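Please open the model in your viewer and keep the sequence beside it. The tour below goes from one selection to the next.

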Amino acid sequence: MKALMRMFADRRDARLLDRFFARYQGRTLIVHQGLTLDWLEELLKLGGGGGHFRIDTRKPENRDSPVLWLAHHFILPLNLPLPVLCDVGPATIAIRHLHCAGRLCHPADIAWILEDMRVRARVHAALSRDSHRLVTRLGLAVGDNTYEMDLGG
């Protein structure tokens, strides 16, 4: 009976992963447990700032929502300081938290962080076609969240 239940859970997880990547590839997500109004206002003032999907994990898991399922079953168990920025590719997710020097970054820094994290993410996750699960590889240490700004020099 346990094996049968696991098989159904694996199929459901595979469907949710497929739906997640179909919907969010090429997008960025900010996974959080509440953002201050000031920080959110600053984010929305930026060109493209409203284009980041903001996923509040205080909402209970919804088995019909692939993004909430992924947040609750994959991102939260990573135990990174929230919020985290997720850059979603066709079958990959680069994840990096938005804290630097002991504080939450300014929303204007997200563009720099996004550029830097394509190489220096905290977690690189790739969809395994064989097992149809996310396979993770750790990148930079949680405390090393500095990013290089190209100041055009």
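Helices (H or I, at least four residues) and strands (E, at least two) are DSSP runs, numbered from the N terminus. This is a predicted model, in which local features need pLDDT of at least 70 and side-chain atom pairs count only at pLDDT 80 or more, while totals for chains, interfaces and linings use all residues. Residues are numbered from 1 along each chain as its sequence is written, and side-chain values use heavy atoms, with hydrogens and water left out.

Next, select the six strands of the open sheet, which run in the order β2-β1-β3-β4-β7-β8 with mixed pairing, two strands being paired if DSSP finds at least two bridges between them. The edge strands, each pairing on one side only, are β2 (53–56) and β8 (134–138). Strand β7 (residues 123–127) pairs with β8 in the antiparallel sense over five bridges, and alanine 126 has valine 135 in β8 as its bridge partner.

Of its 26 residues, Phe20, Leu70, Ile93, Ile95 and Leu134 touch the most other members. Helix α3 (66–75) gives the most to this core, with seven residues.

Key. Core = buried A, V, L, I, M, F, W, Y, C linked by side-chain atoms within 4.5 Å. Buried < 20%, exposed > 50% of the residue type's maximum accessible area, 1.4 Å probe, protein only.
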